[in-house]
Amino acid sequence: MTGYSHIGTERPRPEAADKVGGKALYVSDISRPGMLHGKIKFSDHAHARIKSIDTTAALALPGVRVVITADDVPELRYGFMRDNVALKSGKVRQFRDEVAAVAAVSPEVAQQAVDLIQVDYEPLPGVFSVDEALEDGAPLVHTEDARGRPVRSNTMPLKCVHHSGDMTAAREASAFVSEGEYSVPRIQQACLGTAGCIAEFDLKGNLTVTAKTQIPFLAQRDFTSALTALGLEGRNARVVVPAVGGAFGSGLDTHGYEYIAILLAWKTGKPVKIQYTRTEEFSYLSPRQSAQFMIRQGCDEEGKLTFREIEVTQDNGAYGSWGATYPNVMLVAATSLYRVPVVSFDSTIVYTNNTYCQAMRGYGNPEVTWAIESSLDDLAEKAGIDPYEMRLINANEPGDLTPMGLDLKTCGLAECLETTAERLNWASNRGNGQKRRGVGMASFMNVGGGGKIYRSDGSGIILKLDDFGNVNVSYGGVEMGQGLHSALSLMVAESLGVHPESVFINQTDTATSPWDVGTHASRGAFMAGNAAIGAATKLRERIFAAAEDVYPAEVERNLTRLGEATGPDEYDFRSVSRDQFDLKDGWLIVPDAPDRPWLRVELGRLLRAIHFSEEGGKGTTFTEESFYEPPTDLPDWAKGYGNMSANYSFGVQGVEVEVDTDTGEVTILRLVAVTDIGRVLSLQALKGQMYGGIVQGVGYALYEEIKTEKGRILNPGFVDYKLPTAADVDFPIELEFVETNDPTGPFGAKGAGEPGIVPTAPAIANAVYDAVGVRIRDLPMTPEKVLTALQGQDI
Amino acid sequence: MTLELSFELNGFLMDVDVEPHLRLLDLLRSVLGETGTKEACGEGECGACTVLVDGKTVNSCLFPVGELGGTAVTTIEGLAVNGDLSSLQQAFVDKGGAQCGFCTPGMVMSAVALLAENPHPSEAEIRSALIGNLCRCTGYVQIVESIQQAARTGVVPGR
């Protein structure tokens, strides 16, 4: 029993009715009077010099308002390394490069015009893999950096390393060592709602962008820079976020198409919408990064980990996005998943002429967990220890300070392991001789209390009470399907003392919401909840103080209305002080007083009485802001040290699989996920996050891969890029939550957005190994790969 | 040459004069402003644009308006009556069947057709009926549970 009224309940999402009724408005549904449609001419080469661009025929097409190239507009530079520009001049470095754009009366006319643009190129040799990019004398993707300084290699200037302890001694002290190379492919976020935006200017040069973004305020900063470049310094850039048709990390950066919509709107004076088609989404939005790992882990005779060594290389593609900083997040599990005293982590991120990559759910953690958890089973086998026992022996414990300096105030990993093993009947199902079936498990840890990668990891919130007891919430984070609004409405209701039905969450808008760093790193509910508790606390104090004056009169009104009279033995309601009040489900109550209907005052009536006070100058309204900055450190990436999150979620997934030794097909029979999420906030949304993350993890494990040839994406659609269907994932998924009640969490909660996807692939791989004795080290585990591995051995 | 045609949309007769090659999806979204039906792939692979034509599911991104004359079309906007969600829609609300919500209108329409034909489907039958509707958020579990709840409580025919 938690004693909470709303936290932990299955209450539906506040926005669900509009979504199931077709009333929720996404960018694709919104149009503005006079709106034009923009389309982009993308590069025809992965690497080429642009010799000339002829837009004559495009401009002559009826319905076309403007055609722009880099020659027609100021340069808009973007990307966290400032290495990208909205429209390319001189050179293209990937097929995603934007060389021209059109605004026209319809998307069809705009596309026709784009097709009429003639670009003359001089093709250049390109680099399409890490190995090619790092060869001596390899063609350089960038020959100078954003400041014009010469660049001499394709290695990106990003340092993220960690070396702790005496590696030589640790290796020598190890009884067993496992070593292996593991890799993961590029995959697509594959949001059902494709990318798009509407940009419009007012006549004073103020800009509004209706954006599909996870970072309204960082986007505002980026768009403000764009305004400056357009000569509109000091004008306002406003970012409005409508319903978001899924994001999964794809909204963590501002995109070329957004700057191009701004340029087209600026040139035409009209609102301009750019809406990607599915083919454009696959070809010209950025996928999750591929990665290759070399990992070594060692243990002593008892199975205690002695060291872990990881080298990761990533093919970043042609420009830097936040996706290039996956190693920063990999550090968490690399240094701190299980107690491991000596850790070495090195990362190399290289530019290639492939499409540049960006963030996706888990942000490096599923990648590194694939290597760690696969390798751990390998090590367990070498040591002759059951992989479950191996994990239990090394499980982190509450109070641990890890080699990275992560402060594990709470940690339910051991309980998650025990529960998973019990649910999977581990002892009887493991290695039971039925060669086609097997069980496997994998653990994870993930940031659960924000993830500090900017100077501020904070979030503000405004709670505004109206005269009717309703609360309007302005929060700068983004609801993109994950259930932020579910959790936030419950937390506002609980912390303030109103009913969730009285909580109304405003559209996210930089003009009205306080600053927030963005909705990523599983931080939304954690940050919003802590901020909401801060604002609710202030509101309650002010309400109770003001109630001292009006409460007696309101009780008298109640008595009159109810036709009641109080006797001499009754409660003295005329001298109730502020610290005696409480607010519960929208009623002002006095918990110490007898339970009488006249002693309760409905919140709206109380607020009106205060607002319209008859005593001159005493009236007031109730709006409070709170800004929450979690107690975390911005890590020193060159040392790989710093407590980047206020808490850490832990968990284990266990699976039972069946492997068809004729076809190599892996069938999941059941999946158990036991997760330490601190505290369940919105049970329905939490389950949705877990189920959805797990099924994305199954796609990552078994089917999904962006295939490219010389930088061109070969499978830009759902026909050739397989997403799991309802029939594919027909196995039972059993969820269990361990509530460790973290002191930093709102109501004890840790972030829960990413964990689902993190350990799924290695859990499946470990089960496949248990079933048929082959270890797949390269995702996805397609039937072809499994069959090839099976054919290489005698079973 | 435009095409004059009459059809029923969510119970109301419509006369429209449109380009014959227009997709039903564009007629709904761009011409009639009914944006509840979503476009997510435009090639019949994802099911987000699913509507009912004479009670049968079609991908409206592949359906030419030339074939529309005399038919009855039901879209997501046609399910709620006087602002009250249908029992199936309410089940999606109650059981968390919608996350980002972009696949939801198509998903609900496929479920309407399934339950009309088979009011008490097994889980396998539900999953099979949804094979043409992709969802990236939910992992399908709560969608299946939504449809199971609707089947238990009974769905009003035609809604």
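The questions and answers below concern this predicted model.

User: Into which domains is chain A divided, and what distance separates the centres of domain 1 and domain 2?

Analyst: Chain A is divided into domain 1 (31-124 + 195-275), domain 2 (290-453 + 634-791) and domain 3 (458-628). Taken over C-alpha atoms, the centres of domain 1 of chain A and domain 2 of chain A are separated by 37 Å.

User: How many residues does each of these two domains bring to the contact between them, and of which classes are those of domain 1?

Analyst: Domain 1 of chain A supplies 16 residues to the contact, and domain 2 of chain A supplies 18 residues. Sorted by class, the side of domain 1 of chain A that touches domain 2 of chain A has six nonpolar, six polar and four charged residues.

User: Is P630(A) buried or exposed, and why?

Analyst: P630(A) is placed in the loop between β26 (622-628) and β27 (648-659) of chain A. A residue counts as buried if 20 or more other C-beta atoms lie within 10 Å of its own. Because P630(A) has 22 other C-beta atoms within 10 Å, P630(A) is buried.

User: Which residues does P630(A) touch, leaving aside those up to four places away in sequence, and what is the C-alpha to C-alpha distance from P630(A) to A646(A)?

Analyst: With residues up to four places away in sequence not counted, P630(A) touches G449(A), G450(A), D457(A), A646(A) and T744(A). One of these, A646(A), is 16 residues from P630(A) in sequence, and their C-alpha to C-alpha distance is 6.2 Å.

User: What do β15(A) and β16(A) form, and which residue in the turn has a positive phi?

Analyst: The two strands form a hairpin, and five residues lie between them. The residue in the turn with a positive phi, about 95°, is G303(A).

User: How far does helix α6 of chain A reach, and against which elements do its buried residues pack?

Analyst: Helix α6 (residues 216-229) of chain A has 14 residues and reaches 20 Å from its first C-alpha to its last, close to the 20 Å expected. Its buried residues include F217(A), L218(A) and F223(A). The buried residues of α6(A) pack against β4 (77-78), β12 (207-211), β13 (237-241), α7 (256-268) and β22 (508-509) of chain A.

User: Why is one side of β2 and of β4 in the sheet of chain B left without a neighbour?

Analyst: Five strands of chain B form an open sheet in the order β2-β1-β5-β3-β4, with mixed pairing. β2 (12-18) and β4 (56-59) of chain B stand at the edges, so each has a single partner strand.

User: How many residues of each chain are in contact across chains A and B, and which helix of chain B gives the largest share of its side?

Analyst: The contact involves 44 residues of chain B and 42 residues of chain A. On the side of chain B that touches chain A there are 24 nonpolar, 13 polar and seven charged residues. The largest share of that side, four residues, comes from α2(B).

Methods. Residues are numbered from 1 along each chain as its sequence is written. Chains are lettered from A and ligands numbered from 1 in the order in which they are written. This is a predicted model: local features need pLDDT of at least 70, side-chain atom pairs count only at pLDDT 80 or more; totals for chains, interfaces and linings use all residues. Two residues are in contact if their C-beta atoms, placed from the backbone, lie within 7 Å. Ala, Val, Leu, Ile, Met, Phe, Trp, Tyr, Cys and Pro count as nonpolar, Asp, Glu, Lys and Arg as charged, and the others, Gly among them, as polar. The expected span of a helix is 1.5 Å times one less than its number of residues. A residue is buried if 20 or more other C-beta atoms lie within 10 Å of its own, exposed if 12 or fewer, and partly exposed in between; C-beta atoms are placed from the backbone. Two strands pair if DSSP finds at least two bridges between them. Domain bounds come from an automatic or database domain assignment.
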